[in-house]
Amino acid sequence: MEAGTTGGTGEGTYRAGGQLSTHGFEQTPDHDAAGAASARLAGHRLVPLATALVQEDGRVLHWSEEAEALTGWTAEEAIGSYPARLLLPEEAREAGQKLFRQLVAGRGWSGTHRVRRRDGSDVELEFHTYPITGPDGSTLLLATASDVHALREVESDLAVLDGFFTQSPIGLAVYDTDLRFVRLNAALARINGLTVEQHLGRRISTVLPGINTAEVEAVMRQVLTTGRPVIDARSHGRVPGDPRRDRAWSASYFRLEDSTGRVLGVSSSIIDVTERFQAEARAARAQERLTLLASASARIGTTLDLRRTAEELVEAVIPRFADFATVDLLEPVLRGEEPAPIQPEKPIEVRAVAVGEAYGSGLTGAADQVGGTTEYGAHRVYTQCLRSGRPLLKAHVDEEVLRGLVPDPDRVAPGLAAGIHSYLLVPLIARGMVLGGAEFVRTRNPEPFGAADVSLAEELVARAALAIDNARLYRRERETALTLQRSLLPQEIHRTLGLEIAHRYLPSSVVSEVGGDWFDVVPLSCGRVALVVGDVMGHGIRAAATMGQLRTVARTLATLDLPPEQVLGRLDETASAIGDGQFATCVCAVYDPVDRSFVIASAGHLPPVRVDPDGSTHVVHLPPGVPLGVGGGAFESTEFTLPVGSTFALYTDGLVERRGRDLDEGIDLLARTLSVPGHTLEESCDAALAALVTDGTEDDIAMIMARVLPVPSDRIATLLLPGEGPLPARARRFTRATLESWGLSALTDYAELVVSELVTNALLHADAPRRLRLFRDRTLTLEVSDAGGQPPRLRSSAEEDEGGRGIHLVSELAHRWGSRPTRHGKVVWAEIELPYRQG
């Protein structure tokens, strides 16, 4: 029978090479076990299983490919030959023939025997023989053989693999392509709390419904499809072996394939990583808290605005820490005051300054609105928490707990409907003072607040509390400075004859900035007025205090009838004496309504803007001068006359200076704004602020605008005094006639006497009087100008002296008197109070 052909017509078949089927053949009692072993070995490609079929006469009938590979003899060489001649040396052939006869007689045999290969080398084989009956009733001998060395290696590997599977403390499992358990070890069964039998043939989703089976099976399908292993896939949940506690596992999956590449299923190794998972979760939460703390630290306290700081705290914690938060402050804190300790048995009142929520749960509508106040009784938990200064944690909130937390029972139902389940209240404490409280609530976040959350909230609230207290202190400083500043600015601007005046003062929009800008309108003698605008460099109370000193000195100097350049010179000395690097710019102008003249000087200040009646604008460039406080600077005045209807503007740099805008651009914009016709002076002031201050200012703004008006003819009278004739008599007659025409006859006697003395004094002590002028405004002013440079003074006169009493008489009759230098001499003036307020 040729190798590789089918012999006989019975049920049994045999093939050269490949597995042998023995269905239908008679077998010895050992055949089942031997066949199982043969099948197990035959399925392992690393251990070739050689098969041979020998006829009763000892000749080879079948010789498999594995036999060819194992012995080196081909099927053509082996079939028809005697195995003993092929495989045994000559001296061992007789014993081999004897053994063959015994086997044919019906005795199966298993054992090892060393045989000779075709190339002459030896190999030790393990044999299994089985006498069988052929289709024709003849006796045949089936023999299988394997290389003992290779077989022992495979058996060792299988033993190791089997031991690993059964003895490993790590859970191991094999799943088929439908993800059903095929095999698992005892360790995995213990992990799951079920027997091995309860797993087999079932899927994970059926065996372990308490874990995230959908994710697990998705990973297994991915491995089946792609063939790429997955390492450290996490699963979590509860298993029948530990139904009360969440656990976590780490699993690795790889695809199982046979020698042909056919996919058989998936294998997994599983370890319990609950402690590590929990530690990682704690570490992740800790990292999240640190990240939240870092980001919140950068966000909280960015401004010195108290309410904005509270809003920043709320924005920082929602939704990463809490689903709802509110910040309430004690009333004294909002007023900038230092809050007193919370007294026992006394209620507290707090005001909501910031409220926020994450998911629109409706809690914002149920809680206090921003600006709303709430009173908590002395025995309420809120009050007790703030009094103690320690956080209040209600990890689990139910109706009873919530009823004790809210100030109004009507808020219980909305709170429960919103899903409140955890609550935390942390007092805001700064520098040992309780400023208020911050409340945190969780609704959608399922985790209750814990000790770590309390620590984080305390840290966040402490930072916010310090920033809020800083804002309170800055507010108090600002209010103090503003109060000081406002008290030093003019409280009332007296109406000035021949000049309409409007002014604006706008503090800085920056909370912490209080500047040293000032303006002043100083009424002078003879209806004149001094306009002063200044700017102390720097900010804060110190700048405001310096401003107050300079304004006071400037006002005093102006009332002494000093010319503007001398006023600035004395101010420079004052600023230098203040020390500590305090500098200021200033502009001082004196306006005389009679001849509509301005005399003006500048100490490093911005140039005034002039608008003529026809709308043309001019920037009045003055001799610059150095800022006040530099010391030793020389100042120079400029004089010019303005026509009726002209407008003149003095201002500080806060009006025209902006970041990103050139200073000259700001001045040009001011000039264009003031040139718009048809505006009243007040409207022009508003227009200037609207055009130049669009988004707040980092500096104070001070501005004076003046418009020249005509002086009514019944308010001023002038008499020129030539150098000849009885000048005192002429002056008296002119004075009497003028006052009678003005309806001031009651003052005629006093006025005649004062005028007579002033003119006589000019005749005696100066070259000659030049002009007498009567001016009626808030008082009646009598002034005589002469060419002399020496101011008059009071002198002591003896009883026998015939003169020297004129100025004494003027001092007694006049409300006040004085003199001022002019370019051509001086003016001596005296004021008499009017009997009633003149219109």
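In what order do the 6 strands of the open sheet stand? I looked this up before anything else. The order is 13-12-11-16-15-14, and the pairing is antiparallel. I note here that I am working from a predicted model.

**Entry: the sheet**

I went to the edges next. Strand 13 (373-376) and strand 14 (392-394) stand there. Each has a single partner strand, so one side of each lacks a neighbour in the sheet. On average it comes to 25°, direction ignored.

I then followed strand 14 to its partner. Strand 14 pairs with strand 15 (residues 422-430) over 3 bridges, in the antiparallel sense.

Which strands does helix 11 touch? I found that helix 11 (residues 306-317) packs on the sheet and touches strand 11 (324-330), strand 12 (348-357) and strand 16 (433-442). The direction of helix 11 makes about 50° with that of strand 12.

I checked helix 14 (residues 381-388) as well. Helix 14 lies across strand 11, strand 12, strand 13, strand 14, strand 15 and strand 16. Against strand 15, helix 14 runs at about 40°.

**Entry: helix 18 and helix 19**

For a packed pair of helices, I want the angle between the axes and the distance between them. Helix 18 (residues 541-559) packs with helix 19 (residues 564-578) at an angle of about 150°. Their axes are 10 Å apart. Angles over 145 degrees count as roughly antiparallel, so helix 18 is roughly antiparallel to helix 19. I logged the crossing as right-handed.

Which residues make the contact? From helix 18 I listed T546, Q549, L550, V553, A554, L557 and A558. From helix 19 I listed V567, R570, L571, T574, A575 and I578. Sorted by class, the contact has 9 nonpolar, 3 polar and 1 charged residues.

**Entry: A717**

My last stop was A717, which I placed in strand 27 (residues 716-720). Is A717 buried or exposed? Its relative accessibility is 11%. Buried means under 20%, so A717 counts as buried.

I then asked what A717 touches beyond its neighbours within four places in sequence. The contacts are F734, T738, W742, L772, R773 and L774. A717 and L774 are 57 residues apart along the chain, yet their C-alpha atoms are separated by 5.1 Å.

Conventions: Residues numbered from 1 in each chain as written. Predicted model: local features only at pLDDT ≥ 70, side-chain atom pairs only at ≥ 80, totals over all residues. Heavy atoms only, no water. Axes fitted to C-alpha atoms, helices over the stretch in contact; angles between N-to-C directions. Helix = DSSP H or I, 4+ residues; strand = E, 2+ residues; numbered from the N terminus. Parallel < 35°, antiparallel > 145°, perpendicular 65-115°, else oblique. Left-handed = near helix turned anticlockwise from the far one by under 90°. Contact = heavy atoms within 4.5 Å. Nonpolar A, V, L, I, M, F, W, Y, C, P; charged D, E, K, R; others polar. Pairing = 2+ DSSP bridges. Buried < 20%, exposed > 50% of the residue type's maximum accessible area, 1.4 Å probe, protein only.
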